[in-house]
Amino acid sequence: MKTRKEIKRLARARLKKHYFIFVAACLMAALLASEFRSALGFVSAQMPGQTSPADIKTQVLDVAWDNVFQAISQDSLQAGQAVADSALASDLAQAEKGNPMFGRTRGVLSGVVNQITSGSLLVTLVSAAASVTGSESAGLAALILLAALGMAAFWMLVQNLFPVAVRRVFLEGLVYDRVTPQRFAFLLRVRCWLRAAWIMLVKYVFYTLWSLTGVGMVIKRYSYYLVPYIVAENPTLTARQAITLSRRMMQGHKWQCFVMELSFVGWDFLAGLTLGLSGLVYSNPYKIAFFSHYYAELRAEAIRRGLPEAKWLWDRYLYEKPSAGRIRQSYGDVLQVMESPEHDHRRLPGWRGFLADNLGILLLRRQQDRAFEQYLSQQVRVRSLVDDAQGLAYPVRLYPIPEEQRRSPTALNYMRRYSVWSLLGIFFCLSVLGWLWEVGMHLVSTGELVNRGFLHGPWLPIYGSGAVLILTLLHRLRARPALEFGATVVLCGFLEYMTSWVMELATGGTKWWDYSGYFLNLNGRICAEGLLVFGVGGLAIVYFIAPLLDTLFSRISEKKLAAACCLLLAVFLCDAAYSQYSPNTGRGVTDIETAAASQLPGSLPSGTSTHT
């Protein structure tokens, strides 16, 4: 077995290699109160007599819910609702005096915030429980029981189990150069989350019972020390098997493990002096990296000694890279794509090549372009497995339990490039769909059928233009859905804000939509919940709607598609020109302030989401 000094050298090397993912793992554990809780001490530390804004909000929330709870338990639901309404009125009054960005009177998000901060959500929950149990007191008791069960489930399924996910990330970092955040979901991917949670629960119960003896608190701490590492390697074991294996592997090593822990006391002291900051950024991940190497040493010793239970240590590729032949056997399809010559695609010259490569726009679609798009789609499919095939990341296909295969967002080829006619067709389709959406929403909320928008025709071009901008300006981000989502939110927010501003200038100050009163709005032109909807809608457009429409358009001859687009474009331009002199205004379109004033706090006023 390697010496403590050698293991620490290896741990520092792996921490340097995987610094950000290792620190993130320990930070997540601290946030979940799973491990390293003291690492966040510097966040809550305050100067004497000072209170942070976060503490103030927490205290206000606690007081509101406590008052509502007391009113319900001592009187009735009506009394609790009255207390909640009073708290809501006070909150709204404070919001009116504060930053208008944090509006609380309109929108779905504002309604959710108001329900939580005022305690009205508690009244709703108790009312629902009372309708099931038949009495308010029984409903309150049922709600308390459900809350207790929920907290217990969260502790068992997340807090007590998360150390296993952390150990898996660190163990994969022992040999491999790349560990992705997706590896935190390892137990879900092999469908062993509940089994692993049960093992950790049994281990906790056993240790708690042994702790009652005093001496058992120390001895069993080190007897069970390796259970999270064992479960991270093989989560299919029973609780008894995992605990027994840990006990056998730790025989003769308990004092050694204690001394190794003691060697970090200086780091622990420094973490205390810095209120956990040094532990967060260095010593906590350093310690886990060290004991991950230590576990690997004990594992190798158990196999070398012929320990009968060592047969359960089956994940050999956590500690050694597979041979080239083994990789080729399991990753043959990936290697075939990697080793195949680059697709025979002649780059378009000049500005046409720039449009095709950077914006995904084709003037004319050739059969060669279709084949190249299929090649790009295949590249995206195998991209997540390339690191495995190259020996840079843990080879998930070689794990004894086959992991659940990651599914593509859609079976359609979203890496395609769009012709000009196809983009025009998508523009008009999404503009009409946006118009139908807003007309339908207004009809449902007010009972009035109103032609929404600045134009007279059945289209809202902000939806169509937003779709086209997402497909073109964000063309290079399609292979990364998370980046695509974030960029879509930013792009759509900028587009909506500028459209609102320009239209107000062009129409003499007329407001065509106003998000004032919405939670997290900017000058009433954009708001958080609208941007989130745009983000989700943008993903739907990129990965489903646009590819589907383009596939449908491909079944139409290009001449017919071009003729239809030209006809629609001519009508649209005529409508836009006419609307400059006689815009579509009136009830349900530009009566925003009147409509908003007639709404109750938290409800969705009519006329708040009209777009051009």
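Close-up 1. Y229 counts as buried because its relative accessibility is 2%, where buried denotes under 20% relative accessible area with a 1.4 Å probe and protein chains only. The model is predicted, with local features requiring pLDDT of at least 70 and side-chain atom pairs pLDDT 80 or more, whereas totals for chains, interfaces and linings use all residues. Numbering starts from 1 along each chain as its sequence is written, and side-chain values use heavy atoms, without hydrogens and water. Y229 belongs to helix 13 (residues 227-233); helices are DSSP runs of H or I with at least four residues, numbered from the N terminus. Beyond neighbours within four places in sequence, Y229 contacts R167, L171, I288, F291, S292 and Y295, contact being heavy atoms within 4.5 Å.

**Close-up 2. Crossing of helix 9 and helix 17.** The axes of helix 9 (residues 162-172) and helix 17 (residues 277-305) come within 9 Å and cross at roughly 70°; axes are lines fitted to C-alpha atoms over the stretch in contact, with angles from 0 to 180 degrees between N-to-C directions. Helix 9 is therefore roughly perpendicular to helix 17, a class spanning 65 to 115 degrees. From helix 9, V166, R167, F170 and L171 meet P285, I288, A289, S292 and Y295 of helix 17.

**Close-up 3. F291 and its contacts.** Residues up to four places away in sequence aside, F291 touches Y225, Y229, C257, M260, E261 and F264.

Key. Helix = DSSP H or I, 4+ residues; strand = E, 2+ residues; numbered from the N terminus. Parallel < 35°, antiparallel > 145°, perpendicular 65-115°, else oblique. Buried < 20%, exposed > 50% of the residue type's maximum accessible area, 1.4 Å probe, protein only.
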